[in-house]
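Here is a short briefing on one protein model. Look at the structure first, then read the points below.

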Amino acid sequence: MANKIQKPRGTMDIFPSDTPIWQKIESTARDVCRRFGFGEIRTPTFEELALFKRGVGEVTDVVQKEMYTFTDREDRVFALRPEGTASVVRAIIENGKTSDTMPLKYYYLINCFRYEKPQAGRSREFFQFGTEMFGTKDASADATIISLADTLIKELGIKGITLHINSIGCPNCRPKYREALVEHFTSHIDELCDTCKERLKTNPLRVLDCKSQICSSIAKDAPATVDYLCDECHDHFEALKAHLDAMGIEYKVDTRIVRGLDYYTKTVFEFICDGIGAQSTVCGGGRYDGLMEQLDGPALPGIGFGMGLTRIILAMKESGAGQIDENKPVLYVAPLGARAVSKALSIVSTLRREGVYAECDISARSLKAQMKYADKLGAKYTLIIGDSELDSGKAQLKNMEKSEQREIEIDNIFSEIKEA
Ligand code: ATP
Ligand code: MG
């Protein structure tokens with residue numbers, strides 16, 4: 001016998017018993033975006049590999065180790081998107097949106113693909129809610145993006161979450177910082193992991209992001225970017241903090257936050273949730289003022305974040321906010337006999353057109369089995385109709401919760417249900 005086909009490692013199947021929490025997050029995210037004036041952007045699931053090499057960064061883990069790349073029938077090299085920002089930047093440039101009224105404010109709900117070791121809160125296909133704002137370099141834009149994420153997290157009922165912010169400077173102040181950082185790590189070169197020995201040459205900031213115990217303990221005493229900021233970056237960071245204070249958004253300055261992708265400048269931030277295990281960053285973002293130019297567009301400053309939905313679900317469940325109301329029928333119609341089946345179908349179709357969730361038997365079950373099924377579905381009312389009910393035009397409407405019933409005109413069912 002052939003091997004049973006299974007889903008690819010690190011992917012998931014989501015059934016109707018679990019989709020309501022996803023839908024709740026998605027609809028809340030869309031509504032928060034509406035209130036902030038962000039519109040939805042949709043871009044392709046795959047792009048030219050070169051986009052991510054240049055957009056995310058050649059020497060990042062994402063590009064070096066985690067990409068799903070493939071060659072099509074005409075030998076073009078593509079990759080499944082590992083994140084959303086690079087595609088949005090490409091789309092903005094390609095479609096001439098750079099001459100739209102600024103700032104551009106977009107959001108997306110997408111699947112992303114990274115070849116990683118699957119574990120709780122880390123999968124190979126994962127889902128992200130992300131926002132992007134282009135065309136404003138003011139700290140009030142950074143505060144607005146953070147406020148959007150904060151609003152959503154609070155509205156989803158997530159507790160025990162902390163906002164960590166940092167500034168990693170700009171191309172003016174980074175070189176001096178980089179020097180100090182290289183000096184620090186070089187004095188510990190023998191203790192660093194092999195990847196970090198390499199990172200120290202190609203991208204020393206990445207060492208700060210290493211998850212290995214020894215590297216992160218060496219990173220603890222590393223110089224902090226905030227001590228090396230130029231005047232402009234310093235003032236920007238101070239303004240951001242003042243804006244967050246004014247909005248009543250609590251934060252912690254965390255000099256170890258540098259973010260995993262290459263394109264960040266100035267503000268970086270993470271929302272970290274204790275109690276959901278090692279993968280505790282539910283949302284990460286920051287400013288990327290050089291990215292648009294890096295992809296051959298005009299010099300438009302940008303800021304945004306990506307929020308991992310699986311981790312948001314873990315955080316909601318941890319906060320006791322994971323229970324979503326089940327979809328239960330308002331009415332279950334139990335027909336007895338062929339004539340009654342037609343009538344039952346006509347009743348439920350009318351109710352459904354009017355926006356009411358109604359069910360009737362479509363499996364030719366016995367009355368006993370039908371009532372058991374109606375109970376399992378959690379129907380609020382049931383209506384049994386047989387030949388005598390059809391002849392008289394009257395039937396018993398039973399309230400299942402109260403175990404009460406009363407006679408109604410079958411043709412008045414919609415107004416009866418509406419009243420009840
Ligand atoms: P991490 O350090 O956890 O690998 P990252 O810095 O690679 O995160 P980003 O590229 O900033 O993550 O993505 C934004 C968010 O998307 C993360 O904060 C996280 O919530 C989520 N995320 C990233 N990778 C995965 C994954 N493999 N599975 C599930 N969620 C993920
Ligand atoms: Mg990662």
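Predicted model: local features only at pLDDT ≥ 70, side-chain atom pairs only at ≥ 80, totals over all residues.

**Around ligand 1**

- The shell around ligand 1 holds 17 residues. Among the closest are R114, E116 and S123.
- R122 and R259 also belong to the closest residues.
- By type, the shell has six charged, seven polar and four nonpolar residues.

**Polar contacts to ligand 1**

- The side chain of R122 places a polar atom 2.8 Å from a ligand 1 oxygen.
- For R311, a side-chain N or O atom sits 3.0 Å from an oxygen atom of ligand 1.
- For K211, the distance from a side-chain N or O atom to an oxygen of ligand 1 is 3.1 Å.

**Cover and strands**

- On its own, ligand 1 has 580 Å² of accessible area, and the protein covers 92% of it.
- β10 provides the largest share, with four residues.

**Helix α8**

- Which residues of α8 are buried? In this helix, residues 213-220, they are C215, I218 and A219.
- Viewed down the axis of α8, the buried residues fall within an arc of 105°, so they line one face of the helix.
- An α-helix has 3.6 residues a turn, so residues three or four places apart point the same way.
- Q213 and K220 are exposed on the other side of α8.
- The buried residues of α8 pack against two helices, α6 (174-186) and α7 (194-202).

Methods:
Residues numbered from 1 in each chain as written. Chains lettered and ligands numbered in written order. Heavy atoms only, no water. Near = heavy atom within 4 Å. Polar contact = N/O pair within 3.5 Å; in protein donor to acceptor, adjacent residues only side chain to side chain. Areas by Shrake-Rupley, 256 points an atom, 1.4 Å probe, with all protein chains shown as cover. Nonpolar A, V, L, I, M, F, W, Y, C, P; charged D, E, K, R; others polar. Buried < 20%, exposed > 50% of the residue type's maximum accessible area, 1.4 Å probe, protein only. Arc of directions from axis to C-beta. Contact = heavy atoms within 4.5 Å.
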